[in-house]
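Subject: Structure handover and findings

Hello,

Please find the structure below, with the sequence. Notes on what was found in it follow.

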Amino acid sequence: METCARNCEIPEDTVISMAQQETVFILLKHCQEMKRQESRWRLVTLFLVLGCAAVFFFTQRVIRDCNEKDTFTTAENSRQQAIDRQGQNLKPNAHLTTSSSCNSVPKDYIQWEHQDNGLVHMQNFTYDENKQALVVPQEGRYFVYVGVNFRMPDKDKVSGKVHFLSLKVLKYSNSYENNWPIMEVKDSIPDDRRGERRTMYTGQVVTLEEGDLLMVSIDEDNYELIDCSAETTMYIGAFLL
């Protein structure tokens, strides 16, 4: 029995070797688990980095788009403000031309074409249709001018008389509440001159107040002699100096 026990007894160095192998196996298993965890953390870290990078680039894109939009809006606003300033800096000026009813005798004064087309324009000026007058927008020194072409009609019978032409520019001021002639020009044209033309023009510097009215008057028997063939044959204008 003792002999059998001695024979069955495991050598001590063998037990130590097995214990070392088990320890090594545990260490290897632990290392493998650590490597798997490290790989997982690396993947998680990679996804986090990619996510942060995506958020960063998206944020930069949004900021850039907003800046571009703000820059465009600012530029557009600046351009519009420049246009507005340019419009505000333009001095008042106006030019009215031949009315379609220029041969008809009005109640008081010559009617003018004041719609903005052709040669007609008004910068800050307005037109009073009831009084056929230019309305002065602000106080100052203006150059006011008026021109009217007259033409003797072609007719078989002539009287031999002379037509006296008279052209007046009048100013109505709220300060005086009366019409004051500021310019006047006279001429004449014989009745026997078929197709004869006369151009009456006058212009000068006048001090005007805001709200003053500028009107043109001629004698009633002169209306039939007005040349209405073009918008350049009859006009009135004014501009601030």
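**Overall picture**

Of the 241 residues in the protein chain, 29% count as buried, where buried means under 20% relative accessible area, exposed means over 50%, and partly exposed lies in between (1.4 Å probe, protein chains only). This is a predicted model, in which local features need pLDDT of at least 70 and side-chain atom pairs count only at pLDDT 80 or more, while totals for chains, interfaces and linings use all residues. Residues are numbered from 1 along each chain as its sequence is written, and side-chain values use heavy atoms, with hydrogens and water left out.

The protein chain has two helices and eleven strands (DSSP runs numbered from the N terminus: helices are H or I with at least four residues, strands are E with at least two). Along the sequence the pattern reads α-α-β-β-β-β-β-β-β-β-β-β-β. Among contacts in the protein chain with a separation of 6 or more, 75% are between residues 24 or more positions apart; contact means heavy atoms within 4.5 Å. The accessible surface of the protein chain is about 16600 Å², and 53% of that belongs to carbon and sulfur atoms (Shrake-Rupley method with a 1.4 Å probe; for residues, only the protein chains shown count as cover).

**Nonpolar cores**

The largest nonpolar core has 36 residues, and those with the most contacts inside it include Trp-112, Val-144, Phe-150 and Ile-226. A nonpolar core here is a set of buried Ala, Val, Leu, Ile, Met, Phe, Trp, Tyr and Cys residues joined through side-chain atoms within 4.5 Å. The elements that give two or more residues to this core are β1 (93–98), β6 (140–151), β7 (162–173), β8 (178–190), β9 (197–208), β10 (213–218) and β11 (234–240). Strand β6 supplies the largest share, five residues. A second, separate core has six residues, among them Tyr-109, Val-135, Leu-213 and Met-215.

Which residues does Phe-150 contact, leaving aside neighbours within four places in sequence? They are Leu-165, Glu-196, Arg-197, Arg-198, Met-200, Ile-218, Asn-222, Leu-225, Ile-226 and Asp-227.

Asn-222 counts as buried because its relative accessible area is 0%. Its C-alpha atom is 8.2 Å from that of Phe-150, 72 residues apart along the chain. Beyond four places in sequence, Asn-222 is in contact with Phe-150, Phe-164, Leu-165 and Ser-166. A polar atom of the Asn-222 side chain lies 3.5 Å from the backbone nitrogen of Ser-166.

Leu-225 is buried too, with a relative accessible area of 2%. Not counting residues up to four places away in sequence, Leu-225 touches Asn-149, Phe-150, Arg-151, Met-152, Pro-153, His-163, Leu-165 and Ile-189. Leu-225 and Cys-102 are 123 residues apart in sequence and 10.0 Å apart in space, C-alpha to C-alpha.

**Salt bridges**

The structure holds four salt bridges, each defined as a side-chain nitrogen of Lys or Arg within 4 Å of a carboxyl oxygen of Asp or Glu. Asp-227 forms one with Arg-197, with the closest N and O atoms 2.6 Å apart. This pair links distant parts of the chain, since Asp-227 is in the loop between β10 and β11 and Arg-197 is in strand β9, 30 residues apart. Asp-227 is buried, at 8% relative accessibility.

Arg-198 pairs with Glu-196, the closest N and O atoms being 2.7 Å apart. Arg-198 counts as buried at 17% relative accessibility, whereas Glu-196 counts as partly exposed at 24%. Both belong to a network of salt bridges that also includes Asp-187.

Lys-186 and Glu-184 form a salt bridge at 3.9 Å, N to O. Lys-186 is exposed, with a relative accessible area of 63%, and Glu-184 is partly exposed, at 41%.

**A surface patch**

Leu-43, Leu-46, Phe-47 and Leu-50 make a nonpolar surface patch of about 420 Å². Patches are made of residues with over 30% relative accessible area and no salt bridge; like charges are joined within 9 Å, and nonpolar side chains (Val, Leu, Ile, Met, Phe, Trp, Tyr) within 5 Å. Leu-50 lies in helix α2 (residues 12–89) and counts as partly exposed because its relative accessibility is 49%.

Regards

Note on methods: A polar contact is a pair of N or O atoms within 3.5 Å; within protein, one must be able to donate a hydrogen and the other to accept it, and residues adjacent in sequence count only if both atoms are side-chain atoms.
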